[in-house]
Amino acid sequence: MVQYNFKKITVVPNGKDLIDIILSRTQRQTPTVVHKGYAISRLRQFYMRKVKYTQQNFHEKLSGVIDEFPRLDDIHPFYGDLLHVLYNKDHYKLALGQVNTARNLISKIAKDYVKLLKYGDSLYRCKSLKVAALGRMCTVIKRISPSLAYLEQIRQHMARLPSIDPNTRTILICGYPNVGKSSFINKITRADVDVQPYAFTTKSLFVGHTDYKYLRYQVIDTPGILDRPFEDRNIIEMCSITALAHLRAAILFFLDISGSCGYSIAQQAALFHSIKSLFMNKPLIIVCNKTDLQPLEGLSEEDMKLVMEMKAEAMKTVLGQGGEPANNEGVLLTMSTLMEDGVIAVKNAACERLLDQRVEIKMKSKKINDCLNRFHVAMPKPRDQKERPPCIPQAVLEARAKEAAEKEKRKTEKELENENGGAGVYSASLKKHYILANDEWKEDIMPEILDGHNIADFIDPDILLRLEELEQEEGLRQAEDMDDDFEMDGEELTAEEKEALTEIRKKKSLLIQQHRIKKSTAESRSIVPRKFDKDKQFTSERMGRQLSALGLDPSLAIKRARSRSLSRKGRKRERSRGDHGDAMDVDMDTPNKKLRVRSGSLSQSRSRSRPPSEVAPGEGFRDSAQKVKAIKLGKKSVKKRNKDARKGEADRVIPSLKPKHLFSGKRSIGKTQRR
């Protein structure tokens, strides 16, 4: 079995990438260090090696491109014609020929320049010859860049072609567009061909596989064909023509008898007669599709006559003894892919017809005699006239009968679901398979146990009635509460009470407004000292009047408030003499205000920054003048270094992340972990 796998063809680089690949490899794989002090023979050998290595790499790359692409004369005619339809084999051969010519030119250039390098008399002369040789090779590659790009496009397209074996058992589906070919292949195989209600949905060949009698069959879905001259057909139609012409397969010609595809039966019959030359020596079956829309018996006389003519042509392809038609069964079949009526019958008929033809062809070949000599078919002969029927024990027969009866009686859950209302209505019972002493117990309600008690024992059967009574009682109470709540409208009050009510409401609204203002500005309002409180809202006299109005004695509260204010104004804190010495004991004995303020400032222990000239203990200076002089000398010493912008010990250090001695030059053989 020949398999053509075009997906294994490697990627074809374009001209620029190919040059970069080869020159980079030459630089990495050949020596790079040379000195003019070397012997002239060593210099010649150094540059000759580079030229030869570059030529070898170009030769390997271009040879791989030429060898991996298939030669149209050596592959199966089906693939040869298919590639010709898709890419035009003249352009294909021309591109491969240009690559082959470039390979030969590069070999000739390398040969000529190696000969010249043998007579190089200096380092400069050898290097110039090497540069010229590599430059001419790269020029040749640049000239074939369009051919390499064309071959890369062909490679990508060929990788997407289906893997079709031209020699295996094949079923080929053909016909007008939109007659149901893709729907049929989706039904009988695992292929997933796009199906749409418009013409030319299928634009290339699609392959699926099916089994019949333990044999694998290849099913090919072809694009639709239109009835027009051969020269006017496009690439999509030519793919179908190529498959019909070169594949030894069973042909299924699909016929849409309903006319919903947009083409009449007369047009489909004309297409059949125009391509019937491609059906010679192949099993042919006429398939009348879409019988759910139009049955075959309901056709008009003219259309039925056209169908019968196509059937007569298909009968000629039936191989019988002596080349005569054997029978007319399996030549004209009807089916509906939508309702799946007759789909399997069409598949079986096609497989059977193809299998019979292949067997008959093999029987007529010369190889059959060699195969028959290897087989010996033993036919047992009866030794007497006595009949010996098979003996089956009675127990086995009874067991089989019992099993058959159980299968007939037992209904599946699906059948029960359909009988009882279908999905969403029927609920399967999980209790019917319980194994209990009495089958009547299966549907009993199982008790719910909580903390060792049965919940059913604590359920009041009259709970719903009692709940209704409670709700009625609650409604009555809510109605009574609503009657009790009333707003004082002032109709039942006297004139004095009305005036008091008005004052109360006014006072209440005023308090609410004050509270809202105070609440809204509490965070942003600054604390005002009492001496700036012009309204005198918070005074001891007012507090006394309010307390007296409440019936309380305000004398103690007023005395306490006055004593606190006096202590804040003029009273001094007395400090113990033992705490901070004589310097801090000036609170009570200093009558001068300036001394009092200074003593207060001295008593506060807050940190102050020291001036630079002040000498701290332990610095080693005699006085502040010596310290100022030392600071000036230090600044003067670094002035010259700062002008030169040289790095000092206090400068920020940015180390070199890639030291040049580790990252420059050609890497030698060995480990490169430290790089």
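Mentor: Two residues are in contact when they have heavy atoms within 4.5 Å. Keep in mind that this is a predicted model.

Trainee: Which residues does T337 touch, leaving out those up to four places away in sequence?

Mentor: T337 touches G180, S183, F184, K187, N289 and V343. T337 itself is found in the loop between β6 (332-334) and α11 (343-364).

Trainee: Why is T337 called buried?

Mentor: Buried means under 20% relative accessible area. T337 has a relative accessible area of 11%, so T337 is buried.

Trainee: What makes C138 and C351 count as buried?

Mentor: The cut-off is again under 20%. C138 has a relative accessible area of 11% and therefore is buried. C351 is at 0% relative accessibility, so C351 counts as buried too.

Trainee: How many disulfides are there?

Mentor: A disulfide needs a pair of cysteine sulfur atoms within 2.5 Å. By this rule the count is zero.

Trainee: Why is α2 called roughly antiparallel to α4?

Mentor: Helix α2 (residues 40-68) and helix α4 (residues 89-117) pack at an angle of about 170 degrees, and their axes are 10 Å apart. Angles over 145 degrees count as roughly antiparallel, so α2 is roughly antiparallel to α4. Among the residues making the contact are Y47, V51 and F58 of α2 and L96, V99 and I106 of α4. The contact residues divide into 14 nonpolar, five polar and three charged.

Trainee: What does UniProt annotate at residues 395-422?

Mentor: The unreviewed UniProt entry carries the annotation "coiled-coil region" there. In the model, residues 395-422 are 79% helix and 0% strand, with the end C-alpha atoms 41 Å apart.

Terms used
Residues are numbered from 1 along each chain as its sequence is written. This is a predicted model: local features need pLDDT of at least 70, side-chain atom pairs count only at pLDDT 80 or more; totals for chains, interfaces and linings use all residues. Side-chain values use heavy atoms; hydrogens and water are left out. Axes are lines fitted to C-alpha atoms, for helices over the stretch in contact, and angles run from 0 to 180 degrees between N-to-C directions. Helices (H or I, at least four residues) and strands (E, at least two) are DSSP runs, numbered from the N terminus. Angles under 35 degrees count as roughly parallel, over 145 as roughly antiparallel, 65 to 115 as roughly perpendicular and the rest as oblique. Ala, Val, Leu, Ile, Met, Phe, Trp, Tyr, Cys and Pro count as nonpolar, Asp, Glu, Lys and Arg as charged, and the others, Gly among them, as polar. Buried means under 20% relative accessible area, exposed over 50%, partly exposed in between (1.4 Å probe, protein chains only). UniProt positions are given in the numbering used here, feature names are shortened, and annotations may be inferred rather than shown by experiment.
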